[in-house]
Amino acid sequence: MVDLISIRDLDKKAIESLIKSAQEIAEGREVDLDGIVATMFFEPSTRTKLSFQSAALRSGMEYIDFQPESSSLKKGESYSDTIKVVSGYSDVLVVRHPKEGAARLAADLTDKPVINAGDGANQHPTQTLIDLFSIKKNKGRIGGLKIALLGDLKHARTMRSLVYGLAMFGSNVTLISPEGLEMEPEYIKELGDKFSFKPKITNEPNFSEADVLYVCRIQQERFADPYEAKRVTDQFRIKAQDIKDAKEDLVILDPLPKLNEIDSAIDKMKQAKYFEQAHFGIPIRQAVLEYVR
Ligand code: NCD
């Protein structure tokens, strides 16, 4: 029994083995688990919650869904007590929370495996596995590719998690963000020290050289000033023409939801792989359930 709280919890070998396992599951291998998954989402979710529930059902498990709005949290019960109680009702806890460190705290409070489904602006390790799986599926490899990460690099946990995985695999990464939304320099330094990672950093939304363009929305809920979020959102919008000017075999990924950072005309272009990426959430999360059990 193990937790999955951060992408740091996995080394390259473990990631490769989870990707291989997800590939086998996608090709029809049955996953045979038992027990109950508790999905505990203290922040909104469509894909992560439903794909975990679907992955549990497809793997022979059942799930219970904790809903903060109609729970005793409303009577003032603490997060810690809630985790302790629900851990007695389930065998695996999948936790999403707006506060960084909340999933780690949950893991400290229970002996059951805890999977981080996103903690504030910090980490989202299962999304990273989906992203790496999508890159591998589309490009046959991860290392050596030119990968542009474009969007809110300051607040998006998907970006923080993914860049760690890409650094581990030796991809050539360009970090593109509006001014003021750059990735935290200490984090990039950590990756430099660990993996000799040296990304290109720019405020220009130019990805003409990229093999993979990974876009993530401006995380407006993490801004102190909603007007500032709106201003930067309008600055970074990708149009069909930008894609025509890029590499012919460009792959565009986005963890979704997308708002208006990608023009809807792009959805029909062959480069757009984000809906397929969302569907990879099932085999990856089945592989993760198997890994933590
Ligand atoms: C992401 C998240 O919650 O961090 N969504 C997801 O899990 N697919 C991305 C986002 O909300 O922008």
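**Close-up views of a predicted model**

View 1. The side chains of Lys194 and Glu190 form a salt bridge, with 2.8 Å from N to O. The structure shown here, as in every view below, is a predicted model. Both residues belong to helix H7 and stand four residues apart, about one turn of the helix. Lys194 is partly exposed, at a relative accessible area of 45%. Glu190 is also partly exposed, with a value of 21%; the cut-off for buried is under 20%, so Glu190 does not count as buried. Elsewhere, salt bridges with shared partners connect Lys20, Glu24, Arg29 and Glu290 into one network.

View 2. Ser196 sits in the loop that runs between helix H7 (185–195) and strand S7 (200–202). Its phi is near 55 degrees, a positive value in a residue other than glycine. Most residues other than glycine have a negative phi. Ser196 counts as exposed, since its relative accessibility is 57% and the cut-off for exposed is over 50%.

**View 3. The cis peptide bond between Leu256 and Pro257.** Leu256 and Pro257 are joined by a cis peptide bond with an omega of about 10 degrees. Most peptide bonds are trans. Pro257 lies in the loop between strand S9 (251–253) and helix H10 (274–279), and Leu256 is likewise placed in the loop between S9 and H10. Leu256 also has a positive phi, near 65 degrees, although it is a residue other than glycine. With a relative accessible area of 11%, Leu256 is buried.

**View 4. The salt bridge between Arg293 and Asp34.** Arg293 pairs with Asp34 in a salt bridge whose closest N and O atoms are 3.1 Å apart. Arg293 lies in the segment after helix H11 (281–292), and Asp34 in the loop between helix H1 (12–26) and strand S1 (36–41), so the pair ties together parts that are 259 residues apart in sequence. Arg293 is partly exposed at 34% relative accessibility, while Asp34 is exposed at 53%. By the rule used here, the count for the model comes to 19 salt bridges.

**View 5. The buried salt-bridge pair Glu43 and Arg222.** A salt bridge links the side chains of Glu43 and Arg222 at 3.0 Å, N to O. Glu43 is in the loop between S1 and helix H2 (47–58), and Arg222 is in the loop between strand S8 (212–216) and helix H8 (226–235); the pair therefore ties together parts that are 179 residues apart in sequence. Glu43 and Arg222 are both buried.

**View 6. Strands S3 and S4 and the crossover between them.** Strand S3 (residues 92–97) and strand S4 run parallel and are joined by four bridges. From S3 the chain passes through helix H4 (residues 102–109) to S4, a β-α-β crossover that is right-handed. Six of the six residues of S4 (residues 114–119) are buried, so the strand is largely enclosed by the rest of the structure. In a regular strand, side chains alternate between the two faces of the sheet.

View 7. Leu109 belongs to helix H4. Its relative accessible area is 25%, and it counts as partly exposed. Apart from neighbours within four places in sequence, Leu109 is in contact with Ser80, Ile83 and Lys84. Between Leu109 and Asp9 the sequence separation is 100 residues, and the C-alpha to C-alpha distance is 18 Å.

**View 8. A nonpolar surface patch that includes Ile64.** Ile64, Val85 and Tyr89 make up a nonpolar patch on the surface. Together these residues have about 270 Å² of accessible area. Ile64 is located in strand S2 (residues 62–66).

How values were computed. Residues numbered from 1 in each chain as written. Predicted model: local features only at pLDDT ≥ 70, side-chain atom pairs only at ≥ 80, totals over all residues. Heavy atoms only, no water. Helix = DSSP H or I, 4+ residues; strand = E, 2+ residues; numbered from the N terminus. Buried < 20%, exposed > 50% of the residue type's maximum accessible area, 1.4 Å probe, protein only. Pairing = 2+ DSSP bridges. Right-handed = clockwise from strand over helix to strand, strands pointing away. Patch = residues over 30% accessible without salt bridge, like charges linked within 9 Å, V, L, I, M, F, W, Y side chains within 5 Å. Areas by Shrake-Rupley, 256 points an atom, 1.4 Å probe, with all protein chains shown as cover. Salt bridge = Lys/Arg side-chain N within 4 Å of Asp/Glu carboxyl O. Contact = heavy atoms within 4.5 Å.
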